[in-house]
Amino acid sequence: MTENNKPTALIMIFGATGDLAKRKLFPSIYRLFQKEKINKFAVVGVARRPLTNEEFQASVKDSILTFGHAEERVDEFISHFHYHSHDVSSSESYLQLKDIAKKLDGQYQLEGNRIFYLAMAPEFFGTIAEQIKAQGLTDTNGYKRLVIEKPFGHSFETAQKLNEQIRTAFAEDEIYRIDHYLGKEMVQNIEVIRFSNALFEPLWNNRYISNIQVTSSETLGVEERGRYYETSGALRDMVQNHLLQMVALLAMEPPIALTTEEIRSEKVRALRSLRPMEVDEVNQYFVRGQYGEGTIGGQTLPAYRNEHNVNPESNTETYVAGKLMIDNFRWAGVPFYIRTGKRMDVKSTNIVVQFKDIPMNLYYKTEETLNPNLLVINIQPDEGITLYLNVKKSGTTSNTKPMKLTVSNKGIEHINSPEAYEKLLFDSMRGDATNFTHWDEVALSWKFVDTISNAWENTKDESFPNYEAGSTGPLASDELLAEDGHIWWQVKKNENNDD
């Protein structure tokens, strides 16, 4: 299956003319090729649009020159790309694809290894999986793997139906559900920070931690995604997958081994421990928001309801903040606060672990308030770790001041770490499913989120819009923490723009 530990595969990308393929997938495959992590591979682009191989290769070349920091061997790279104009509902079209796959297997010595990457509308996932099986594309001597983009369903019920369809063609260990946050360097570092440092793991519990905050904010609005966002909202787009995955990594127990099965098992246990809510309790734990008109960088930006393809009276949330309680021995009483929003004042994804205060300020002025110790994991746009401590101020006074101990990937390597899709694509070729979501995780996340959806969809929020574009979100979000005596910790503002 591999040569010199380099994986081989035929990658069939369904939706190869779409934005995801152009911006993420083609550049990521190119970087793997450029770094010589792969050499025996071929890519078949599958989409409705009629294109020749040459036209498709030209499009791939443009993609990697624009997004992939291409430097060398570009023409050699694009020679591995082929195109098939495809009708997802036509059995004949799949048989033609099967012939192409058989030819490329021999041409590139791919040993029958096949990856089916579904980068298109979710309503086609089940149909494609069933047709792939029915027309014999999975009949191969090598491995077969299905890689699926989110959203995986719209609710637990729809996700379960989709999963049943897909499982008729692929086993669970052959299904790779992508959550690109799990490919980010600092998200993967959560486990390392916790389980390889004696400084943190003994303190990682309700005796020493006051609360944990997970924030993912964007300065961009919905842009051209209004039609999709109207059916999704921030809850389904961000909370059900990205944020709950990070909470699971932060809350999980130490696995007995760093294997896919053991890590996933502990994440599932953490998600099972989430305190369930009744529909009439949702507003005690969660806050929603929708952005209005505002100013970012001196530019006046429209309200969500005035965006393209958005209902002028939309009840869709563009902001969610919530308090999650994990009812197990380790975390009883410790709130996990999450928030995500569009058109915020800063683009940032970070985790803040706030440690409990010491009983009193013993050494200096007893009336002086000490800053809490914080561990901040910066995930994007700049990656790194910061530990906030208290030290004595210089001079003859006995006052304290906060000090930051910072490790920055950008500062060390001068560039951010590799693109998340590059890592996840490579993992799917190697057969490492650790950083992909198992069905049990998906199911538990949907069951938790469905309660919130049911509460909000059946009640119109008369306060919308309730925060300005370019602000930190609705006031109710601050009040949610204030009820527990906490505040949102703001990281240093970064002027970087959204991708």
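The model is predicted.

Start with the sheet. There are 8 strands, and the sheet is open. The order reads β10-β14-β15-β9-β16-β17-β18-β19, with mixed pairing. At the edges sit β10 (286-289) and β19 (400-408), each pairing on one side only. Direction ignored, neighbouring strands are turned by 15° against each other on average.

Look at one end of that order. Strand β18, residues 384-392, runs antiparallel to β19, and 9 bridges join the two. Within β19, Met-403 stands opposite Leu-389.

Now the helices. Helix α8, residues 226-251, packs on the sheet. It touches β9, β14, β15, β16 and β17. Its direction makes about 145° with that of β15. Helix α14, residues 475-482, lies across β9, β10, β14 and β15. Against β14, α14 runs at about 15°.

On to the rings. The count is 20 aromatic pairs. Take Tyr-30 and Phe-77: edge-to-face, 5.2 Å centre to centre, 80° between the planes. Tyr-30 is in helix α1 and Phe-77 in helix α3, so this pair ties together parts 47 residues apart in sequence. Both residues are buried. They also belong to one aromatic cluster, whose members include Phe-26, Phe-33 and Tyr-83.

Which residue pairs with Tyr-337? Trp-488 does, with ring centres 6.0 Å apart. The planes are at 70°, so the pair is edge-to-face. Tyr-337 lies in β15 and Trp-488 in the segment after α14, so the pair links parts 151 residues apart in sequence. Tyr-337 and Trp-488 are both buried.

Last, charges over rings. Arg-145 lies over the face of Tyr-143, 3.6 Å from the ring centre. Lys-447 lies over the face of Phe-156, at 4.8 Å.

Definitions and conventions:
Residues are numbered from 1 along each chain as its sequence is written. This is a predicted model: local features need pLDDT of at least 70, side-chain atom pairs count only at pLDDT 80 or more; totals for chains, interfaces and linings use all residues. Side-chain values use heavy atoms; hydrogens and water are left out. Two strands pair if DSSP finds at least two bridges between them. Helices (H or I, at least four residues) and strands (E, at least two) are DSSP runs, numbered from the N terminus. Axes are lines fitted to C-alpha atoms, for helices over the stretch in contact, and angles run from 0 to 180 degrees between N-to-C directions. Contact means heavy atoms within 4.5 Å. Rings of Phe, Tyr and Trp (its six-membered ring) pair if their centres lie within 6.5 Å; planes under 30 degrees apart count as stacked, over 60 as edge-to-face and the rest as tilted. Buried means under 20% relative accessible area, exposed over 50%, partly exposed in between (1.4 Å probe, protein chains only). A charge sits over a ring if NZ of Lys or CZ of Arg is within 6 Å of the ring centre and within 35 degrees of the ring normal.
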